[in-house]
Amino acid sequence: MSGARLDRMIWLALPAVAYLAVVYALPLLWLLGRSVTGPDGFTIAQFTAFFADPFSWRVMGNTLRIAFWVTLLSLVIGYPVAIAMARARGLMQVMLLVAMILPLSIGVVVKAFAWQIVLRRDGVISQGLVAIGIWAEPQRLLFTEAGLIVGATNVFLPFMILPIYSVVKLIDPRLTEAGATLGASPFYRFRKILLPLALPGIVSGSAFVFSMAVSMFVIPSLLIGDRFQTLATLTGRSYLLMRNEALGSTTAVILLVIAVSIVVLSTWLSKRVGRSL
Amino acid sequence: MADITKQGFDRRRLLIGTGATGLSLIAMPSILRAQTRELVIGGAASHKPWVETHVAPMFEKKYNARITFEGTRSLVNLEKMQKNKDKPYLSVVQMDDPVMILAVREGLLEPITAAKCPNVAKLKPGTMHMDGMWANYLQPWQGIAYNTNVLKEPPASWADAFDPKFKGRIIGKPMAEAYKDIDAAFAKLKTLKANLLTAYSQMPQAFSLLEQGEAHMIVGALSSFGMQRRLDGAPINMTAPKEGIFPVPSGIALVKGSPNIDLAYAYVNELLGAEVQARIAPPTFALPTNVDVPVPPGMPTNATVHPIDWAFVAENRNSWVQRWDREMAI
C-alpha cells in the first residue's frame with residue numbers, strides 16, 4: 001500500500017476521532033482543568049491535600065487491592081476456559097462461546113442483584129461451603145471484600161477469556177505435541193511453550209480486567225456498599241452527594257492516571273514479550 | 001332574490017354579521033385563555049400519580065384552571081428555576097427541604113403568607129420554614145422497618161438496633177438522633193458497627209435484603225416505601241419507636257415572579273388545607289401537617305415527630321459524610 005493511499009485511508013477514522021473529541025477529550029480536559037483550579041487560579045493544592053490525608057491512601061489501597069484480586073481470579077479461572085475454547089471443535093466450541101458471550105447481554109445491575117442472592121448467609125456459596133465442611137456455620141459474603149471480588153470477577157471474566165482465546169487459537173497444537181515426543185512433561189510444555197505463546201493474550205486480558213475493576217462503580221455500590229470506598233465510588237460520592245467538584249475531579253484524575261499507566265505498561269509488556277518470542 | 005332581501009339578508013346585515021363573527025373568532029382565544037389558565041408545577045416524579053388523581057381534578061374544576069405537573073428530581077426543578085429566573089414558567093415547586101434552602105439562598109422563592117394562604121394558620125408547629133419560604137404539606141416519616149418472619153414483636157426503641165443479637169443484621173441510614181451533638185452521635189454510631197450490614201442509599205436494595213431475611217431491621221426506613229411493600233404482601237412492617245420519628249423532606253413553595261400568582265397561592269393553600277391532605281395522606285402513607293386532618297389508619301398516632309433543622313444539616317452534611325467514610329468504614 002502506498003504512502004499517499006494510506007494517508008487518504010486515515011480520513012476514515014475522522015468520524016470516530018470527531019466523536020471522541022467532543023464526548024471524551026473535551027470533558028476530560030475540563031476535568032483535568034478543574035482538578036488544578038482553585039479560587040485563585042492554578043493550584044495543585046487539591047492533590048497535595050488528597051495525598052496528605054491517610055484516608056486517601058486507604059481508598060487507593062482498597063481500589064488497587066480489589067482490582068488486583070479480581071484480575072488474578074479472572075486469570076486463574078479464565079485461562080483454562082480460553083484453552084478449552086480454543087481446542088474445542090464444532091458444536092462444543094459454539095456452545096462455550098455462547099455461554100461466555102450471552103451473560104454480557106445482561107446488565108451489571110441485574111448481575112449484582114443476582115449475586116446479592118448468591119452471597120447471602122443462606123445463599124448457594126455459604127450453604128455449599130457448609131455442606132462440604134469448610135465452614136462450620138453459614139457466613140455472609142455480601143458486603144465483604146471477598147464477596148465483591150467474587151461478584152466482580154463474574155462480571156469481568158469474559159474480558160479475560162476473549163483476548164487469551166484469540167491468541168491461543170492461533171498457537172499450532174502440534175508445537176506441544178512435538179514437545180511431548182521430545183520427552184517434555186505436561187508442566188514443562190505448559191511453562192515453556194503454551195504460557196509464553198499465550199502471554200500477549202494474558203497481558204491484554206489482564207489490562208482489560210484491571211482497568212475495568214479499578215474504575216468500577218455500580219458493582220461495589222451494590223455488593224459492598226458505601227462503607228468501603230474506592231477511587232471510583234469516592235469520585236461519584238464527591239460529585240453526587242457532597243457536591244465537591246474539586247475533590248471529585250482530583251480523584252477522577254488519579255484514577256485516570258492509574259488506568260492510563262496500566263494500558264501503557266501492558267502495551268510495552270506485550271511488545272517486549274512479542275520481541276522475545 | 002327579492003324574497004331573500006325581504007327576510008333580512010341584505011348587504012348591510014350581511015356585512016354586520018360577518019364582522020361580528022370575525023370579531024368573535026379573533027376574541028375567542030383570549031376568552032379561552034381567560035377561562036382555563038395554566039398552572040405549571042414542578043415536583044418529584046413520584047408525586048405525579050397522587051397529584052393527577054387526588055389534586056388536579058378538584059383544583060381544575062374549582063378554579064377553572066389547568067394543571068401541568070412536571071415530575072422530575074428536586075435538583076432539576078432548582079435548575080429550571082435558576083435558568084428561567086428572569087421569566088419563570090413554574091408557579092409552584094414541590095421539592096425536598098434541603099433543595100429549598102438552596103432556592104431560598106438564590107432568591108428564587110416567594111414567601112407563603114397567611115394573608116394569601118389562610119390554611120397556613122392550620123399547620124402543625126415546625127412545618128413552616130425560613131420565615132415562610134416553604135411549608136411541609138405532608139410528613140412522610142422515618143421509623144424502623146422490620147422483618148415480621150424474624151421479629152414477632154415490633155422493636156420498641158431505636159436502641160434495639162444496638163442489641164448484639166442483631167450482629168450483621170441491621171441496615172442503617174446515615175442519620176443520628178442527637179445530630180447537633182455530632183461527637184456523641186458518632187461515638188454512639190460506632191457501637192453499631194458490628195450490627196451494621198450496610199448503610200443504604202438505594203431503598204429497593206435495602207428492602208429486598210429485609211424481605212429476604214438477610215437483614216432484620218432497617219433503622220431509618222421511609223414510611224411511603226415500607227408501608228407500600230407491606231400492602232404488596234412483603235413480610236415486613238413499620239413501627240414508630242417510643243423516642244419518636246423523623247419527618248422526611250416534603251416541601252411546597254411559590255416561585256418568585258411566577259405566572260398566575262393568584263392561582264399559585266390557591267394551589268399552595270389547597271395542599272395545606274384539610275380536604276386535600278385528607279385525600280393524599282393515606283395513599284402516600286404520610287402524616288398530615290394540617291391539624292384538622294386525622295392521622296390515617298395504620299399510621300402512628302401519638303408519635304413525637306422530631307423536626308429537622310435542614311439549614312444546619314445542609315451546612316454540616318459534607319463534614320458528616322467525610323467523617324462517616326472514615327469512622328464507619330468496614
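The following legends describe close-up views of a predicted model.

In this model, local features need pLDDT of at least 70 and side-chain atom pairs count only at pLDDT 80 or more, while totals for chains, interfaces and linings use all residues. Residues are numbered from 1 along each chain as its sequence is written, and chains are lettered from A and ligands numbered from 1 in the order in which they are written.

Figure 1. Chain B holds 11 helices and 15 strands; helices (H or I, at least four residues) and strands (E, at least two) are DSSP runs, numbered from the N terminus. Of the 330 residues in chain B, 36% are buried. A residue is called buried if 20 or more other C-beta atoms lie within 10 Å of its own, exposed if 12 or fewer, and partly exposed in between, with C-beta atoms placed from the backbone. Among the contacts in chain B with a separation of 6 or more, 78% join residues 24 or more positions apart; two residues are in contact if their C-beta atoms, placed from the backbone, lie within 7 Å. The domain assignment divides chain B into domain 1 (2-32), domain 2 (36-139 + 249-288) and domain 3 (141-247 + 310-327), with bounds that come from an automatic or database assignment.

**Figure 2. The contact between domain 2 and domain 3 of chain B.** The C-alpha centres of these two domains of chain B lie 29 Å apart. Nine residues from domain 2 and 10 residues from domain 3 take part in the contact. On the side of domain 2, helix α5 (residues 97-105) of chain B supplies the largest share, three residues. That side of domain 2 comprises five nonpolar, three polar and one charged residues. In this classification, Ala, Val, Leu, Ile, Met, Phe, Trp, Tyr, Cys and Pro count as nonpolar, Asp, Glu, Lys and Arg as charged, and the others, Gly among them, as polar.

**Figure 3. The crossing of helices α5(B) and α11(B).** Two packed helices are described by the angle between their axes and the distance between the axes. The axes of α5(B) and α11(B) come within 9 Å and cross at roughly 85°; axes are lines fitted to C-alpha atoms, for helices over the stretch in contact, and angles run from 0 to 180 degrees between N-to-C directions. Helix α5(B) is therefore roughly perpendicular to α11(B), a term for angles of 65 to 115 degrees, whereas those under 35 count as roughly parallel, those over 145 as roughly antiparallel and the rest as oblique. From α5(B), residues B:D97, B:P98 and B:I101 meet B:W310, B:A311, B:V313 and B:A314 of α11(B). The residues of this contact are six nonpolar, no polar and one charged.

**Figure 4. The side of chain B that touches chain A.** Here 15 residues of chain B are in contact with 15 residues of chain A. On the side of chain B, β10 (196-199), α7 (203-212) and α11 (310-327) are the elements that give two or more residues. Helix α11(B) gives the most, with four residues. By class, this side of chain B has six nonpolar, six polar and three charged residues.

**Figure 5. The largest nonpolar core.** A nonpolar core is a set of buried Ala, Val, Leu, Ile, Met, Phe, Trp, Tyr and Cys residues joined through C-beta atoms within 7 Å. The largest one has 125 residues, and those with the most contacts inside it are A:I164, A:A213, B:M217, B:I218 and B:V268. Helix α8 (residues 145-168) of chain A provides the largest share of this core, 14 residues. Both domain 2 and domain 3 of chain B give residues to this core, so it lies between them. Beyond residues up to four places away in sequence, B:I218 touches B:I144, B:A145, B:I171, B:A206 and B:L210.

**Figure 6. Residue B:L196 in strand β10 of chain B.** B:L196 has its place in strand β10 and is buried, with 24 other C-beta atoms within 10 Å. Leaving aside neighbours within four places in sequence, B:L196 is in contact with B:I170 and B:G172. B:L196 and B:A161 are 35 residues apart in sequence, and their C-alpha atoms are 8.9 Å apart in space.

**Figure 7. Two loop residues of chain B with positive phi.** B:N64, in the loop between α3 (48-63) and β2 (65-72) of chain B, has a positive phi of about 55° although it is not a glycine. B:N64 counts as exposed because it has 12 C-beta neighbours inside 10 Å. B:D131 lies in the loop between β5 (128-129) and β6 (134-136) of chain B, and its phi is near 55°, a positive value in a residue other than glycine. With 9 C-beta neighbours inside 10 Å, B:D131 also counts as exposed.
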